[in-house]
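Trainee: Could you walk me through a few features of a model, one at a time? I would like the general idea and then the case at hand.

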Amino acid sequence: MPKCNCGENPFVIKTKNIELYNSLPENHVLKTLMEEHFNIRRFVSEMEEAVKELMELVELPESTPLMTDLYRVTDHLLRTERHHIREESVIMLRLDKEMVPTDDLNIRTDHDDLRLMKRRFAKLVRSLYNTPLSSVRDEVAELSKKISDRLQMHIDTEDTVLYPLALKQIPSDQWESMAKECDKIGYICFTPGKD
């Protein structure tokens, strides 16, 4: 996937835990993850709008900005993998080492399920030019709704439960090394302030 500069775009702060976000210093691992959440929510909203517009069509015109928007949004939702990897390989593994149970949060299961849903959605979007819209319309609408609902709930759980738990249970002297682990894994095009 080609690199873009969407991480330079201003994001809208949208979280159920603004207190945590405001309490974190710039470039803190958790603040970076939360800022990525803000952008993921933006892409989910754009996906919802594009699908709503798509559902109003009887058939796709040969050239439409709608398809460009759908491809772009789908591409960005697929790019969230490095975000999930950092959560699992840095935050959750560190919590495991601290003997803090996180299994009941279903974070890893959500990541796996979301990965499959996003890939299926991308496949449907790519098929729109060679498949009649009427034959995939319902699945596109249903799957986008599932992705939207699941991602919103997942992000809320991370912002209000996982991240506060991590901040409380992981010793403060470990966050610098965790940031270096995150740097090694890498970021995504919509990570503010990261390449």
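Mentor: Happy to; we will go through aromatic pairs, a charged patch, backbone angles and a proline. Keep in mind that this is a predicted model.

Trainee: Let's begin with the rings. How many aromatic pairs does the structure hold?

Mentor: In general, a pair of aromatic rings is described by the distance of the centres and the angle of the planes. Here there are two aromatic pairs. One of them joins Tyr21 and Phe38, with 5.1 Å centre to centre and 70° between the planes, an edge-to-face arrangement. Tyr21 belongs to helix H1 (residues 18-23) and Phe38 to helix H2, so this pair ties together parts 17 residues apart in sequence. Both Tyr21 and Phe38 are buried.

Trainee: And what arrangement do the rings of Phe43 and Phe190 have?

Mentor: Their centres are 5.2 Å apart and their planes stand at 65°, so this pair is edge-to-face. Phe43 sits in helix H2, while Phe190 is in the segment after helix H7 (175-185), so parts that are 147 residues apart in sequence are tied together. Are they buried or exposed? Phe43 and Phe190 are both buried.

Trainee: Now the surface. Which residues form the negative patch?

Mentor: The patch is made up of Glu48, Glu49, Glu53, Glu56 and Asp69. Helix H2 (residues 29-55) contributes the most, with three residues. Glu56 lies in the loop between H2 and helix H3 (65-78).

Trainee: Why does Glu56 count as exposed?

Mentor: Exposed means over 50% relative accessible area. Glu56 has 61% relative accessibility, so the label applies.

Trainee: Where is Met99 found?

Mentor: Met99 is in the loop between helix H4 (81-97) and helix H5 (107-127). The phi of Met99 is also positive, near 65°. Met99 is exposed, at 70% relative accessible area.

Trainee: Last, the proline. Is Pro65 buried or exposed?

Mentor: Pro65 is exposed, its relative accessible area being 62%, and its place is in helix H3. Along the chain, Pro65 and Ala50 are 15 residues apart, and their C-alpha atoms are separated by 9.9 Å.

Terms used: Residues are numbered from 1 along each chain as its sequence is written. This is a predicted model: local features need pLDDT of at least 70, side-chain atom pairs count only at pLDDT 80 or more; totals for chains, interfaces and linings use all residues. Side-chain values use heavy atoms; hydrogens and water are left out. Patches are made of residues with over 30% relative accessible area and no salt bridge: like charges are joined within 9 Å, nonpolar side chains (Val, Leu, Ile, Met, Phe, Trp, Tyr) within 5 Å. Accessible areas come from the Shrake-Rupley method with a 1.4 Å probe; for residues, only the protein chains shown count as cover. A salt bridge is a side-chain nitrogen of Lys or Arg within 4 Å of a carboxyl oxygen of Asp or Glu. Lys and Arg count as positive and Asp and Glu as negative; His and the chain ends are not counted. The place of a charge is taken as NZ of Lys, CZ of Arg, CG of Asp or CD of Glu. Helices (H or I, at least four residues) and strands (E, at least two) are DSSP runs, numbered from the N terminus. Buried means under 20% relative accessible area, exposed over 50%, partly exposed in between (1.4 Å probe, protein chains only). Rings of Phe, Tyr and Trp (its six-membered ring) pair if their centres lie within 6.5 Å; planes under 30 degrees apart count as stacked, over 60 as edge-to-face and the rest as tilted.
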